[in-house]
Amino acid sequence: MTWLRGYAVLYLLFLYAPIILLPIFAFNDSTIIAFPLSGFTTQWFSEIPNTPALVKSVQTSVIIALTTAVLSTTLGICAARAGAKYTFPLKAPILGFIMLPLVLPEIIVAVSMLVVLLALGLPLGSWTVVLGHTLICTPFCIAILNSAFANLDPSLEEAAIDLGETRASTFRLITLPLVMPGIIAAMLISFTISLDEFIIAFFLTGTEPTLPVYLWGQLRFPQKIPVVMALGTILVVLSIILLILAEMARRRGLHRTGTQDSGGFL
Amino acid sequence: MTAIVSLKDVQKYYGTYHALRGVTLDIAQGEFFSLLGPSGCGKTTLLRTIAGFEDISEGTLILSGQNMADVPANKRPTNMVFQSYAIFPHLSVGENVAFGLRKRSDLNTKEKAALVQDALEMVGLVGFEKRAAHALSGGQRQRVALARALILKPKVLLLDEPLSALDKKMRDQMQNELRQLQRHVGITFILVTHDQEEALIMSDRIAVMFDGEIAQLADPQTLYRRPISRRVADFIGVMNFLPANASGNKIDIPGLGAATLTPEQCPGGTPSGPCTIGIRPETMSILFGTEPAPARETNGTVHELAYYGDMTYYDIALPGVEKPVTLSMKNLVGRRVLERGESTRISWDDRALVAFAD
């Protein structure tokens, strides 16, 4: 057991050491990223709002992430509902096929989308990034929403119809509230994925870089690196909060429908 | 009889699978009617077609005088108690029970609340309206489902195996309560069950279904005493089957001798030639000592026995019969339990025999 404990510590260190370095250097009073630390400062954080290009890229990223979250969750709801409720020819292959972007290398997705968009003569911009992000986020949404819809007892909807409700009001009164935690979780996850996605954004963004693309560009200027680290710290904290919220929403959903936990992201 | 539910030659296909094969059925106002059969016999499909969750492929369904062909489930005068109870988990008990009243714009909030109170009182759940749905026991969920369905005063209440999720004690209690509730409200109940005992206890009439068809439709006593076929007899309770040979109205039964059967004892038609004779275990008895036989008697030996406390089941080997016959004896005070291998006399009454054509 002792060697197992040691292994676990090493494992966690390997996973998280780089991320722990991020906040350490974000508060370090020096432009050189090296030990020993020279002093404590919040200067890098206060410099963030004074960098217009940075603020702009944050805005672009948030807009893209929000749009992606709404789009991919909507598509996910449709797919998960169809998969849980109906049987149709070639159901398994079709459902498998729409999950494919989950395992497809992002670079392949990015390059092929770029080729197609250029061939079609369409201009690159925020909306092309949204398109690419929706493509890779939808499978995640489907995976989350599948469990929400599959846990839904079909007789609940039948009971509502039996008690006089229409299909539409049944969806609103019964289905939606019961899968709502799944919907929230799907939106949070796709928002997070879109926000820090780099490869697709790098290829498909036009003249308005997203935050990760902007940060990558700043790495060439050593004096900017502490600001990047400060921003990275904020992003890491934000991501963790969002993921925790997503997981909480998912667990609440399980509790509501009274079903057993069968996995999840955390 | 005024039929509240009337089915004529109802057919249901799922692709090429023929789930209902021409069901014709009339159910009277105020009747407690059961659809009984093994899983896959079409009983649940039939219930769901009445509720409107499944379309009828062919045939007609009339509910309280109205053809249901174009009436969707939410407009039908039926309500259903689901096997899983389908209690809405995000709503409280009171909200669940009041759910069906949402569309009743003719009632104000006060009237609706009074109806909810009445419904909860009817099922013995007064004071539970604030309780969360997932904090209920199985029996309580069952009651909420009943109250929620009955608050709309449906013409017909449909119950899909409502007791199968309860334990034995709770089930016995709910059987009783359901029967009393049905008499109290006077609404037609249609119960789907695979439990023959449950059907016998609760129903006015029972339709036994096999393979999408009604095999027999009768009151519990007729169904038990005069099953129409060996398959029905085998499904309802325990019955001994003996090979026999019929000529005219005389039937020769190896092991029991010759017997004359009335037409009533041949509910599936008078057989001729090789046939099967059925007899229930409780209609036969063991004769102790020199006790005179109340009817006919023969000799046998105890092949096997099972002591149940209140009853003892004996398998008695009869000369000339391949399979031992099973009979049951109440364990009365002073009555001895026989031992394996012991010789005994057994007695039966020819009136208990039922003949089935092979």
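**Figure 1. The interface between chain B and chain A.** In this predicted model, 17 residues of chain B are in contact with 17 residues of chain A. Sorted by class, the side of chain B that touches chain A is made up of 10 nonpolar, six polar and one charged residues.

Figure 2. Along its principal axes, the C-alpha trace of chain A spans about 70 × 60 × 35 Å, and of its 266 residues 35% are buried. If one takes the contacts in chain A between residues at least 6 apart in sequence, 76% of them join residues at least 24 apart. The mean pLDDT of chain A is 85, with 94% of its residues at 70 or more; among its elements, the highest mean pLDDT (93) belongs to helix 7 (residues 154–162) of chain A, and the lowest (79) to helix 11 (residues 225–257) of chain A. Where pLDDT is low, the predicted coordinates should not be read in detail.

**Figure 3. The packing of helix 3 of chain A against helix 8 of chain A.** Helix 3 (residues 52–85) of chain A packs on helix 8 (residues 167–196) of chain A at an angle of about 140°, and their axes are 8 Å apart. An angle over 145 degrees would count as roughly antiparallel, and helix 3 of chain A and helix 8 of chain A are therefore oblique to each other. The crossing of helix 3 of chain A and helix 8 of chain A is right-handed. Among the residues that make the contact are A:Ser61, A:Ile64, A:Ala65 and A:Leu66 of helix 3 of chain A, together with A:Ile183, A:Ala186, A:Met187 and A:Phe191 of helix 8 of chain A. By class, the residues of this contact between helix 3 of chain A and helix 8 of chain A divide into 10 nonpolar, seven polar and no charged.

**Figure 4. The packing of helix 7 of chain A against helix 8 of chain A.** Helix 8 of chain A also packs with helix 7 of chain A, here at an angle of about 125° and with the axes 9 Å apart, and the two are therefore oblique to each other. The crossing of helix 7 of chain A and helix 8 of chain A is right-handed. Helix 7 of chain A contributes A:Leu156, A:Glu157, A:Ala160 and A:Ile161 to the contact, while helix 8 of chain A contributes A:Arg167, A:Thr170, A:Leu173, A:Ile174 and A:Thr175. The contact of helix 7 of chain A with helix 8 of chain A holds five nonpolar, two polar and two charged residues.

**Figure 5. A:Leu90, a loop residue with a positive phi.** A:Leu90 lies in the loop between helix 3 and helix 4 (91–98) of chain A, and its phi is near 60°, a positive value in a residue other than glycine. A:Leu90 is exposed, because 9 other C-beta atoms lie within 10 Å.

**Figure 6. B:Lys153, a loop residue of chain B.** Chain B has eight helices and 20 strands, and 40% of its 358 residues count as buried. B:Lys153 sits in the loop between helix 4 (138–150) and strand 7 (156–160) of chain B, and although B:Lys153 is not a glycine, its phi is positive, at about 45°. With 14 other C-beta atoms within 10 Å, B:Lys153 is partly exposed.

Notes
Residues numbered from 1 in each chain as written. Chains lettered and ligands numbered in written order. Predicted model: local features only at pLDDT ≥ 70, side-chain atom pairs only at ≥ 80, totals over all residues. pLDDT = per-residue confidence, 0-100. Helix = DSSP H or I, 4+ residues; strand = E, 2+ residues; numbered from the N terminus. Contact = placed C-beta atoms within 7 Å. Nonpolar A, V, L, I, M, F, W, Y, C, P; charged D, E, K, R; others polar. Axes fitted to C-alpha atoms, helices over the stretch in contact; angles between N-to-C directions. Parallel < 35°, antiparallel > 145°, perpendicular 65-115°, else oblique. Left-handed = near helix turned anticlockwise from the far one by under 90°. Buried ≥ 20, exposed ≤ 12 C-beta atoms within 10 Å, placed from the backbone.
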